Amino acid sequence: SWQPLDIPYALYSLLKLPESGAYLAGTRGYGAYTSSDGGEVWRPYNMRPAGETTAAQVRALLAVGTASAERQGLLLAGTDSNGVYRQAADSDLWQAGAGFPVEHRRISALVSGGADENGQRVYAATIGGGVYRSLDEGRTWTQLSPDGLDNESLKIRSLAVIPGATEDTLYAGTRSGLFRYDSAAGAWQPV
(Lines give C-alpha, C1' and ligand atoms only; values in the text may rest on other atoms or scores of the structure.)
Protein backbone atom coordinates (compact mmCIF):
# COMPACT_ATOMS: atom_id res chain seq x y z
CA SER A 1 0.00 0.00 0.00
CA TRP A 2 1.02 3.61 -0.45
CA GLN A 3 2.57 5.40 2.51
CA PRO A 4 3.04 9.18 2.87
CA LEU A 5 6.61 10.47 2.90
CA ASP A 6 7.86 12.64 5.72
CA ILE A 7 8.35 15.71 3.50
CA PRO A 8 6.27 18.70 4.60
CA TYR A 9 6.16 20.32 1.14
CA ALA A 10 4.50 19.62 -2.21
CA LEU A 11 6.68 17.47 -4.48
CA TYR A 12 7.35 18.23 -8.13
CA SER A 13 9.97 15.60 -8.93
CA LEU A 14 11.65 12.49 -7.59
CA LEU A 15 14.94 10.87 -8.64
CA LYS A 16 16.86 7.82 -7.49
CA LEU A 17 20.57 8.64 -7.58
CA PRO A 18 22.39 5.97 -9.60
CA GLU A 19 25.65 5.84 -7.64
CA SER A 20 24.34 5.79 -4.08
CA GLY A 21 20.77 4.57 -4.45
CA ALA A 22 19.62 7.58 -2.39
CA TYR A 23 16.54 9.55 -3.40
CA LEU A 24 16.34 13.23 -4.24
CA ALA A 25 12.96 15.00 -4.13
CA GLY A 26 12.30 18.40 -5.68
CA THR A 27 9.78 20.52 -3.79
CA ARG A 28 7.62 23.54 -4.43
CA GLY A 29 9.55 26.49 -3.04
CA TYR A 30 11.77 24.66 -0.56
CA GLY A 31 14.53 23.28 -2.78
CA ALA A 32 15.25 19.58 -2.57
CA TYR A 33 15.32 16.87 0.08
CA THR A 34 17.33 13.65 0.13
CA SER A 35 16.84 10.25 1.72
CA SER A 36 19.44 7.49 1.96
CA ASP A 37 17.21 5.00 3.80
CA GLY A 38 14.48 4.31 1.26
CA GLY A 39 12.38 7.32 2.19
CA GLU A 40 12.09 6.87 5.95
CA VAL A 41 13.99 10.08 6.83
CA TRP A 42 14.34 13.14 4.56
CA ARG A 43 16.91 15.91 4.99
CA PRO A 44 17.27 19.25 3.18
CA TYR A 45 19.63 19.06 0.20
CA ASN A 46 21.62 22.15 -0.74
CA MET A 47 20.20 23.50 -4.03
CA ARG A 48 21.39 27.11 -3.96
CA PRO A 49 23.98 28.36 -6.45
CA ALA A 50 26.48 30.91 -5.15
CA GLY A 51 24.71 34.22 -4.57
CA GLU A 52 21.17 32.80 -4.35
CA THR A 53 19.37 33.54 -1.09
CA THR A 54 16.21 31.48 -1.45
CA ALA A 55 15.57 27.84 -2.25
CA ALA A 56 14.29 27.04 -5.71
CA GLN A 57 11.12 25.32 -6.78
CA VAL A 58 12.60 22.15 -8.26
CA ARG A 59 10.30 20.89 -11.03
CA ALA A 60 12.63 18.38 -12.72
CA LEU A 61 15.68 16.31 -11.72
CA LEU A 62 18.09 14.38 -13.93
CA ALA A 63 21.24 12.36 -13.27
CA VAL A 64 23.67 12.54 -16.19
CA GLY A 65 26.52 10.06 -16.64
CA THR A 66 29.20 9.66 -19.27
CA ALA A 67 32.15 7.39 -19.89
CA SER A 68 34.68 9.88 -18.52
CA ALA A 69 35.32 9.57 -14.79
CA GLU A 70 35.44 13.31 -14.16
CA ARG A 71 31.81 13.73 -15.27
CA GLN A 72 30.14 10.85 -13.47
CA GLY A 73 27.58 11.80 -10.87
CA LEU A 74 26.43 15.00 -12.54
CA LEU A 75 23.02 16.25 -11.37
CA LEU A 76 20.73 18.72 -13.15
CA ALA A 77 17.77 20.45 -11.52
CA GLY A 78 15.13 22.28 -13.53
CA THR A 79 13.61 25.12 -11.53
CA ASP A 80 10.41 27.14 -11.68
CA SER A 81 12.08 30.49 -12.37
CA ASN A 82 15.88 30.14 -12.59
CA GLY A 83 16.45 27.75 -15.50
CA VAL A 84 18.66 24.70 -14.94
CA TYR A 85 21.16 24.23 -12.11
CA ARG A 86 24.10 21.85 -12.52
CA GLN A 87 26.15 20.05 -9.82
CA ALA A 88 29.09 17.67 -10.16
CA ALA A 89 29.37 14.81 -7.65
CA ASP A 90 32.64 16.11 -6.27
CA SER A 91 31.20 19.56 -5.49
CA ASP A 92 28.69 21.04 -3.09
CA LEU A 93 28.18 24.01 -5.41
CA TRP A 94 25.37 24.36 -7.92
CA GLN A 95 25.95 26.44 -11.03
CA ALA A 96 23.25 28.00 -13.18
CA GLY A 97 23.35 26.92 -16.82
CA ALA A 98 23.80 29.76 -19.31
CA GLY A 99 21.49 30.50 -22.22
CA PHE A 100 17.99 30.76 -20.77
CA PRO A 101 16.41 34.20 -21.24
CA VAL A 102 14.46 35.39 -18.20
CA GLU A 103 11.10 34.64 -19.84
CA HIS A 104 12.07 30.99 -20.52
CA ARG A 105 13.49 29.95 -17.15
CA ARG A 106 10.45 27.94 -16.00
CA ILE A 107 11.53 24.33 -16.56
CA SER A 108 8.95 21.53 -16.68
CA ALA A 109 11.05 18.49 -17.69
CA LEU A 110 14.64 17.32 -18.23
CA VAL A 111 15.71 14.35 -20.38
CA SER A 112 19.04 13.05 -21.65
CA GLY A 113 19.78 11.92 -25.18
CA GLY A 114 22.72 10.27 -26.88
CA ALA A 115 26.36 11.00 -26.08
CA ASP A 116 29.45 12.05 -28.01
CA GLU A 117 32.95 13.27 -27.11
CA ASN A 118 31.44 16.28 -25.28
CA GLY A 119 29.20 14.12 -23.11
CA GLN A 120 25.45 13.50 -23.10
CA ARG A 121 23.05 15.76 -24.96
CA VAL A 122 20.45 17.10 -22.52
CA TYR A 123 17.09 18.72 -23.20
CA ALA A 124 15.00 21.05 -21.04
CA ALA A 125 11.30 21.65 -21.62
CA THR A 126 10.09 25.12 -20.68
CA ILE A 127 6.69 26.66 -20.01
CA GLY A 128 6.46 29.23 -22.80
CA GLY A 129 9.85 28.87 -24.51
CA GLY A 130 9.68 25.44 -26.13
CA VAL A 131 12.70 23.16 -25.77
CA TYR A 132 16.35 23.98 -25.08
CA ARG A 133 19.31 21.69 -25.79
CA SER A 134 22.69 21.43 -24.12
CA LEU A 135 25.57 19.77 -25.95
CA ASP A 136 27.91 20.07 -22.94
CA GLU A 137 25.91 18.37 -20.15
CA GLY A 138 24.09 21.45 -18.95
CA ARG A 139 26.78 24.14 -18.97
CA THR A 140 25.23 26.10 -21.84
CA TRP A 141 21.82 25.91 -23.52
CA THR A 142 20.37 26.93 -26.89
CA GLN A 143 16.74 27.00 -27.94
CA LEU A 144 15.58 24.50 -30.56
CA SER A 145 13.60 26.11 -33.34
CA PRO A 146 10.01 26.71 -32.18
CA ASP A 147 8.76 26.43 -35.79
CA GLY A 148 5.57 24.37 -35.87
CA LEU A 149 4.53 25.31 -32.32
CA ASP A 150 1.94 28.00 -31.56
CA ASN A 151 1.90 29.99 -28.29
CA GLU A 152 0.00 27.26 -26.40
CA SER A 153 2.27 24.54 -27.81
CA LEU A 154 5.36 26.37 -26.52
CA LYS A 155 4.14 25.46 -23.03
CA ILE A 156 5.81 22.05 -22.93
CA ARG A 157 4.42 19.81 -20.16
CA SER A 158 6.36 16.60 -20.83
CA LEU A 159 9.33 15.53 -22.92
CA ALA A 160 10.59 12.15 -24.16
CA VAL A 161 13.69 11.29 -26.17
CA ILE A 162 14.86 8.38 -28.29
CA PRO A 163 18.67 8.72 -28.17
CA GLY A 164 20.58 8.54 -31.45
CA ALA A 165 24.26 8.39 -32.35
CA THR A 166 24.40 11.98 -33.62
CA GLU A 167 20.80 13.23 -33.41
CA ASP A 168 18.02 12.42 -30.99
CA THR A 169 14.29 12.08 -31.66
CA LEU A 170 12.26 14.31 -29.34
CA TYR A 171 8.58 14.17 -28.43
CA ALA A 172 6.93 17.06 -26.59
CA GLY A 173 3.60 16.89 -24.78
CA THR A 174 1.89 20.30 -24.90
CA ARG A 175 -1.49 21.86 -24.20
CA SER A 176 -2.16 21.47 -27.94
CA GLY A 177 -1.17 17.79 -28.22
CA LEU A 178 1.91 15.71 -28.99
CA PHE A 179 4.70 16.95 -31.29
CA ARG A 180 7.88 15.38 -32.72
CA TYR A 181 10.97 17.43 -33.52
CA ASP A 182 12.29 16.97 -37.04
CA SER A 183 15.96 17.92 -36.72
CA ALA A 184 16.52 17.88 -40.50
CA ALA A 185 13.73 20.41 -41.04
CA GLY A 186 14.37 22.25 -37.77
CA ALA A 187 10.67 22.19 -36.95
CA TRP A 188 8.08 20.48 -34.77
CA GLN A 189 5.43 18.27 -36.39
CA PRO A 190 2.12 17.16 -34.79
CA VAL A 191 1.96 13.42 -34.13
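1. The largest nonpolar core of this predicted model has 15 residues, and those with the most contacts inside it are Tyr123, Val131, Leu144, Leu159, Leu170 and Trp188. A nonpolar core is here a set of buried Ala, Val, Leu, Ile, Met, Phe, Trp, Tyr and Cys residues joined through side-chain atoms within 4.5 Å, where buried means under 20% relative accessible area, exposed means over 50%, and partly exposed lies in between (1.4 Å probe, protein chains only). At least two residues of this core come from each of β9 (107-116), β10 (119-126), β13, β14 (169-174) and β15; strands are DSSP runs of E with at least two residues, numbered from the N terminus. Another core, of 13 residues, lies apart from it and has Leu76, Phe100, Leu110 and Tyr132 among its members.

2. On numbering and thresholds, residues are counted from 1 along each chain as its sequence is written, and side-chain values use heavy atoms, with hydrogens and water left out. Because the model is predicted, local features need pLDDT of at least 70 and side-chain atom pairs count only at pLDDT 80 or more, whereas totals for chains, interfaces and linings use all residues.

3. β9 and β10 pair in the antiparallel sense over seven bridges, with Leu110 standing opposite Ala124 in β10, and the two strands form a hairpin with two residues between them.

4. How much of β9 is buried? The strand is mostly covered, with seven of its 10 residues buried. Ser108 lies in this strand and counts as buried because its relative accessible area is 18%. The side chain of Ser108 reaches the backbone oxygen of Ile156 at 2.6 Å, which can be read against the definition of a polar contact: a pair of N or O atoms within 3.5 Å, where within protein one must be able to donate a hydrogen and the other to accept it, and residues adjacent in sequence count only if both atoms are side-chain atoms.

5. The loop between β11 (131-134) and β12 (142-143) contains Asp136, and Glu137 lies in the loop between these strands as well. Asp136 is buried yet has no salt bridge, and the nearest side chain of opposite charge, that of Arg139, is 5.3 Å away. A salt bridge would need a side-chain nitrogen of Lys or Arg within 4 Å of a carboxyl oxygen of Asp or Glu; as for charge, Lys and Arg count as positive and Asp and Glu as negative, while His and the chain ends are not counted. A polar contact of 2.8 Å does join the side chains of Asp136 and Thr140. Glu137 counts as buried because its relative accessible area is 1%, and Glu137 has a positive phi of about 60° although it is not a glycine.

6. A second open sheet, also of four strands, has the order β13-β14-β15-β16 with antiparallel pairing. Its edge strands are β13 (156-162) and β16 (187-190), each of which pairs on one side only. The twist averages 30° from one strand to the next, with axes taken as lines fitted to C-alpha atoms and angles running from 0 to 180 degrees between N-to-C directions. Four bridges join β15 (residues 177-182) to β16, and the bridge partner of Arg180 in β16 is Gln189.

7. β6 (residues 74-79) runs antiparallel to β7 and is joined to it by four bridges, Leu75 having Gln87 as its bridge partner in β7. These two strands form a hairpin with four residues between them, and Gly83 in the turn has a positive phi of about 75°. β7 is also joined to β8 (residues 95-96), again antiparallel, by two bridges, with Arg86 standing opposite Gln95 in β8.

Notes: Pairing = 2+ DSSP bridges.
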